[in-house]
Amino acid sequence: MIATWYVIVSFMLIIYVVLDGRNFGCGILHWLVARTPEERRQAVAAIGPLWTWHEVWLVGFGGTLVAVFPRLLASAFAGYYLALFLILWSLILRGISLEVGGHINDRLWQGFWDFVFVFSNFLLAILFGAAAGNLARGVPLDADGNFSMAFFTDFRVHGNVGLLDWYTVSIAIFAAVILAAHGATYLMLKTEGPVHERSATWAKYLWAVVAPLFLSISFESWVVRPDIPRHAIHNPFCWLGLLVVIVSTIALISGLSTGREMRAFVGSNFVLVGLLATGSAAIFPVMLYSTLAPQNSLTAYAVASSHSALLLASVWWPVSFALATTYFVFISRRYAGKVGVKRGNQGLY
């Protein structure tokens with residue numbers, strides 16, 4: 001049952017990253033693909049009202065984590081306190097920039113919120129990437145399962161590490177690039193005119209950069225945690241994730257080269273799904289690895305709730321997931337189709 005809940009929690013986080021990750025990418029590329037006020041409104045209208053709903057999956061992930069792995073949440077929230085507050089403020093600033101940027105018809109006002117929108121999305125991509133790097137590298141857990149981290153210490157990957165070092169910075173850069181590529185692919189699907197053309201061009205460039213960066217961080221991961229590749233080789237779910245990545249990459253390349261936008265977008269989504277699923281399977285059952293002493297690491301079995309709590313969660317989670325999925329499908333269909341320069345009238349920005 002604990003392994004099943006690990007899959008469920010990972011699945012919800014993957015959904016959030018894939019859905020809101022495209023919004024991060026749209027924000028990162030905002031100044032590059034949209035050069036006039038009308039085009040910038042068009043780019044934001046492509047995100048539309050969906051960005052608020054995507055954050056529901058993050059809330060759902062946190063709620064499920066509280067119910068199923070409470071000890072992990074207690075340790076992680078205390079240790080990642082600074083990083084979590086930065087993520088929270090970035091999410092708040094992104095929402096404010098979308099909601100109030102167009103309330104005053106003044107370029108100084110709108111230009112300021114353009115900057116806030118781009119910066120907050122870029123910082124979110126960097127922070128989530130660094131968080132993934134911390135999960136793979138590990139944190140300085142003591143024997144009681146507690147830890148705290150500064151932004152950086154000596155930039156080494158063992159011992160008393162900080163949030164940032166050469167490895168986590170590499171993962172953060174990779175995350176920013178792949179989410180920007182994902183966002184460009186989404187804008188290519190959702191927009192028309194000059195924004196569409198620029199997004200298609202940026203999507204090709206960025207995805208071409210993703211490939212060597214992925215090989216680089218794969219080698220770095222082997223250096224930092226050699227036990228992960230050895231474990232992944234014997235895990236069939238890792239091989240399944242890699243198969244998803246390969247098939248999705250073929251679909252992505254085919255879609256970009258032939259101009260089939262939906263195929264490219266589906267491939268983009270499942271490249272992220274495959275990478276995240278492979279990573280999740282590779283680190284299981286360890287959820288927080290200790291860089292001080294491996295025996296201090298927290299496994300899914302050690303931090304899970306009681307059997308009765310897991311049974312109770314099994315009752316309410318399917319109902320909540322069904323409601324969330326139903327509304328997501330409804331609102332996605334409601335705002336389907338391309339967004340033109342003249343169609344940016346959703347009351348956003």
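Let me begin with a ring and a charge: R334 lies over the face of Y335, 4.9 Å from the ring centre, where a charge sits over a ring if NZ of Lys or CZ of Arg is within 6 Å of the ring centre and within 35 degrees of the ring normal. R225 is placed over the face of Y289 in turn, at 3.8 Å from the ring centre.

This is a predicted model, in which local features need pLDDT of at least 70 and side-chain atom pairs count only at pLDDT 80 or more, while totals for chains, interfaces and linings use all residues. Residues are numbered from 1 along each chain as its sequence is written, and side-chain values use heavy atoms, with hydrogens and water left out.

Turning to the aromatic residues, the structure holds 21 aromatic pairs, counted for rings of Phe, Tyr and Trp (its six-membered ring) with centres within 6.5 Å, and called stacked with planes under 30 degrees apart, edge-to-face over 60 and tilted for the rest. The rings of W53 and Y327 have centres 4.7 Å apart and planes at 70°, so this pair is edge-to-face. W53 is buried at 17% relative accessibility, whereas Y327 is partly exposed at 38%; buried means under 20% relative accessible area, exposed over 50%, and partly exposed in between, with a 1.4 Å probe and protein chains only.

F115 and F119, by contrast, form a stacked pair, 5.9 Å centre to centre with 15° between the planes. F115 is partly exposed at 43% relative accessibility, and F119 is partly exposed with a relative accessible area of 42%. Finally, one aromatic cluster is formed by W5, F11, W57, W317 and F321.
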